[in-house]
Amino acid sequence: MSRQVPRWQRELADAIREPEQLLRELGLDLALLPAAQAAASKFPLRVPRGFVARMHRGVPDDPLLRQVLPLALELESVSGFVADPLDEQATQAAPGVLHKYHGRALLIVTNACAVHCRYCFRREFPYTEVWAGVNQWRPALNYLASDVSLREIILSGGDPLALSNRRLGALLAALESIPHLERLRIHSRLPIILPERVDNGLLKVLLGSRLRPVLVVHANHPQEIDTTVSQTLAWLATAGVTLLNQSVLLRGVNDAATTLAALSETLFTARVLPYYLHLLDPVQGAAHFAVKESVALAIMNTLRQRLPGYLVPRLVREQPGQLAKTLVESR
Ligand SMILES: *Cc1c(COP(=O)(O)O)cnc(C)c1O
Ligand code: SF4
């Protein structure tokens, strides 16, 4: 019997992967092409058409475009920017399991992403070596079952919602049978990039579980949240999923208090609260996105003056070897 391929999977398959196609689609100067092709050979371009539709045509500095367009700057080596800034390969407790913090562990369930974000700290990550594949979850599950201090399991990747509902359901069933787990957290950019991913089947999987679901989405700029995204998120919230957002502070994308204030307001309208604003992890190829800590602190100050406290994200940095994310505050 042939199953019908869900719409989101067709849209993923149809994502733009050729820099030339992206430039043409947006009416941009093809002089940008050689650099884009060179950078894409290191970390391929990938962006679904629905996200491209939210970009402004003919604007090379569009904040959404900047997140996905490969640039020659990525090929420059900058001291301090390295392949594995978080030393994640050293913190694996079992294949695919990162257990750094008390009470919660992170499970890398897939290497696939709907979009390739140029600033991603995992752009250099050798997933194939660490990824607990669909039929290889057993050692990871055994580890989670053996540590009774764990309360929360965080699905990450890649993007865990790149898994089909069937696979996700199978994984949740296995996780649910571990009695000390209480919460399920999913870190995903898919509801923002491709809101069609949030379908009835997914809602059934999330709400059918004993584990309390928390979905942490990833939006960096208010322009990412169009009406469809907003309605989709609000629908999830109404159904009972706790929704949070994390962003990365990115030069030329969202390094202005007005932009971040608008993002928080837009998220709230979609029933999402801001959670973390991450300082960029110093990954090779992303140095041009870095924002100075002094600038970040000034932005945070303005945000605190303009917004209610619950709409101000926490500015954090991830430091290898720490017991939690490090809160970045003015001294
Ligand atoms: C960020 C992260 C978490 C979650 O941290 P919270 O502060 O609970 O959001 C858990 N495990 C790892 C490995 C992480 O990087
Ligand atoms: S979706 Fe997340 S994991 Fe995937 S490339 Fe973007 S930032 Fe990285």
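**Notes on the helix packing and domains**

1. Let's start with a helix pair: Asn200, Leu203 and Leu207 of helix 10 touch Trp235, Leu236 and Ala239 of helix 11. Contact here means heavy atoms within 4.5 Å, and helices (H or I, at least four residues) and strands (E, at least two) are DSSP runs numbered from the N terminus. Sorted by class, this contact has 5 nonpolar residues, 1 polar and no charged ones. Nonpolar covers Ala, Val, Leu, Ile, Met, Phe, Trp, Tyr, Cys and Pro; Asp, Glu, Lys and Arg are charged; the others, Gly among them, are polar.

2. Keep in mind that this is a predicted model, where local features need pLDDT of at least 70 and side-chain atom pairs count only at pLDDT 80 or more, while totals for chains, interfaces and linings use all residues. Residues are numbered from 1 along each chain as its sequence is written, chains are lettered from A and ligands numbered from 1 in the order in which they are written, and side-chain values use heavy atoms, leaving out hydrogens and water.

3. How do helix 10 and helix 11 lie relative to each other? Helix 10 (residues 200-207) and helix 11 (residues 227-239) have axes that come within 11 Å and cross at roughly 30°, and the two helices are therefore roughly parallel. Axes are lines fitted to C-alpha atoms, for helices over the stretch in contact, with angles from 0 to 180 degrees between N-to-C directions. Under 35 degrees counts as roughly parallel, over 145 as roughly antiparallel, 65 to 115 as roughly perpendicular and the rest as oblique.

4. Helix 10 has another partner, helix 8: their axes come within 10 Å and cross at roughly 0°. That makes helix 8 roughly parallel to helix 10. Here Asn165, Leu168, Gly169 and Leu172 of helix 8 meet Gly201, Leu202 and Val205 of helix 10. The class count is 4 nonpolar, 3 polar and no charged residues.

5. Now look at helix 12 (residues 257-269) and helix 13 (residues 293-306), which pack at about 45° with axes 9 Å apart. So helix 12 is oblique to helix 13. Ala257, Thr258, Leu260 and Ala261 of helix 12 make the contact with Ile299, Thr302, Leu303 and Arg306 of helix 13. By class that is 5 nonpolar, 2 polar and 1 charged. Helix 12 passes helix 13 in a right-handed crossing.

6. Gly157 and Gly158 are joined by a cis peptide bond, with omega about 15°. Gly158 sits in the loop between strand 4 (152-156) and helix 8 (165-176). Arg271 has a positive phi of about 70° although it is not a glycine, and Arg271 lies in the loop between helix 12 and strand 8 (273-278).

7. Finally, zoom out. The chain is divided into domain 1 (7-75) and domain 2 (88-327), with bounds from an automatic or database domain assignment. Their centres, taken over C-alpha atoms, are 23 Å apart. In the contact, 29 residues of domain 1 meet 33 of domain 2. About 2600 Å² is buried between domain 1 and domain 2, with carbon and sulfur atoms giving 58% (buried area is the accessible area, 1.4 Å probe, that two parts lose on being put together, summed over both).

Key. A crossing is left-handed if the near helix is turned anticlockwise from the far one by less than a right angle, and right-handed if clockwise.
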